[in-house]
Amino acid sequence: MHLHPDWRMFDVRTAPLGDMYTLYRQLHAFALDACGESCGRSRMRKSPANRCRDIERQAGYLQPEHCAPPPTLPHSDTMWFIRDCCGIVCGVITWCLVFYAEFVVLFVVLLPAKNLLYSLFNGALFSVLAFLALASHARAMCTDPGAVPKGNATKEFIESLQLKPGQVVYKCPKCCSIKPDRAHHCSVCKRCIKKMDHHCPWVNNCVGEKNQKFFVLFTMYIALISLHALVMVAFHFIFCFESDWTKCSTFSPPATVILLILLCFEGLLFLIFTSVMFGTQVHSICADETGIEQLKKEERRWAKRTKWMNMRVVFGHPFSIAWLSPFATPDHGKADYYQYVV
């Protein structure tokens with residue numbers, strides 16, 4: 001790459017506009033070449049976007065011969081699951097805690113209650129919310145969050161983008177893929193994820209473009225059953241203090257107290273945690289800015305939409321009761337090639 005021979009003596013105040021534009025294009029292309037050569041070095045990690053500009057108009061910059069051919073895309077009904085020991089353990093603990101809360105609520109709090117209607121209503125409500133929470137957790141864990149195909153940094157794919165002069169695409173050196181705009185690499189999933197918010201060990205998956213709805217529902221339903229459990233435990237304590245402890249539970253008084261205290265601790269802890277996560281996720285959706293983008297303070301390059309439109313993008317069009325269902329998959333549309341070009 002060669003610059004204008006007299007660029008050091010270039011006078012901006014007297015130069016014609018044509019020459020100024022030519023110098024700008026040369027400096028721009030020279031900066032891109034320098035960035036491509038230094039991609040992967042430590043100083044590049046200081047960039048807010050943490051990306052490397054690997055090519056401009058030509059496929060050769062990406063060195064596609066270093067990338068293995070892209071694997072065959074799995075069928076849409078193939079289950080997504082991350083084989084991470086920490087995430088699997090956290091997921092099992094989550095289910096065990098929900099089952100523990102269900103056991104204490106039904107057999108310690110509601111079964112000894114004198115009011116049958118009170119027991120039936122609260123038991124059915126708590127069970128339905130717990131079921132929706134576990135279903136949302138399963139969908140968030142087993143749904144592809146928006147992974148970019150590995151190894152698609154091939155010459156054929158790059159040429160199919162039909163890049164125009166000045167357009168730039170990004171390559172992830174870790175999974176050898178062309179990264180769409182707003183995609184980030186997850187070291188646990190070992191994939192680039194579209195609109196990645198964060199990796200959550202409690203769902204053993206990334207929270208991204210395609211499963212953010214299920215994660216939001218999971219935090220909401222866990223917060224609701226935690227609040228519901230705390231309210232029922234408080235009423236049960238009042239009932240036990242006013243009557244004989246041997247009559248307010250089928251378990252012994254010490255066992256009853258221990259079970260209720262553990263449920264209170266669990267409910268309070270998860271109520272605070274999931275409420276904060278739910279509020280953070282809703283704010284992130286309305287602002288159309290992921291957690292990673294907020295943390296890295298990345299420059300906003302995408303079109304601004306209304307808060308209501310951002311909610312519809314995540315939960316589906318149009319607004320309906322399906323927004324609250326973990327069994328309804330929102331329609332995100334098909335990925336467009338323009339997402340790869342900046």
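Asn115 caps the N-terminal end of helix α3, with a side-chain oxygen placed 3.1 Å from the backbone nitrogen of Leu117. The model is predicted, so local features need pLDDT of at least 70 and side-chain atom pairs count only at pLDDT 80 or more, whereas totals for chains, interfaces and linings use all residues. Residues are numbered from 1 along each chain as its sequence is written, and side-chain values use heavy atoms, with hydrogens and water left out.

Helix α3 covers residues 116-142, and its 27 residues reach 38 Å from the first C-alpha to the last, close to the 39 Å expected at 1.5 Å a residue; the expected span is 1.5 Å times one less than the number of residues. Helices (H or I, at least four residues) and strands (E, at least two) are DSSP runs, numbered from the N terminus.

The largest nonpolar core has 43 residues, of which Val105, Phe126, Tyr221, Ile222, Leu260, Leu263 and Phe315 touch the most other members. Helices α2 (85-110), α3, α5 (212-242), α6 (253-287) and α8 (307-315) each supply at least two residues of this core, and the largest share, 14 residues, comes from α5. A nonpolar core is a set of buried Ala, Val, Leu, Ile, Met, Phe, Trp, Tyr and Cys residues joined through side-chain atoms within 4.5 Å, where buried means under 20% relative accessible area, exposed over 50% and partly exposed in between (1.4 Å probe, protein chains only). Apart from this core lies another, of nine residues, among them Ala147, Cys186, Cys189 and Met196.

Asn205, in strand β7 (residues 205-207), is buried with a relative accessible area of 0%. Its side-chain partners are tabulated here, a polar contact being a pair of N or O atoms within 3.5 Å; within protein, one must be able to donate a hydrogen and the other to accept it, and residues adjacent in sequence count only if both atoms are side-chain atoms.

| Asn205 side chain to | Distance |
|---|---|
| Trp80 side chain | 3.1 Å |
| Thr143 backbone oxygen | 3.0 Å |

Not counting residues up to four places away in sequence, Asn205 also touches residues including Cys189, His198, His199 and Cys200, contact meaning heavy atoms within 4.5 Å.

Most residues other than glycine have a negative phi. Asn204, however, has a positive phi near 50°; Asn204 lies in the loop between β6 (198-200) and β7 and is buried, at 0% relative accessible area. Asp288 likewise has a positive phi, near 55°, and sits in the loop between α6 and α7 (291-296), where Asp288 counts as buried at 4% relative accessibility.
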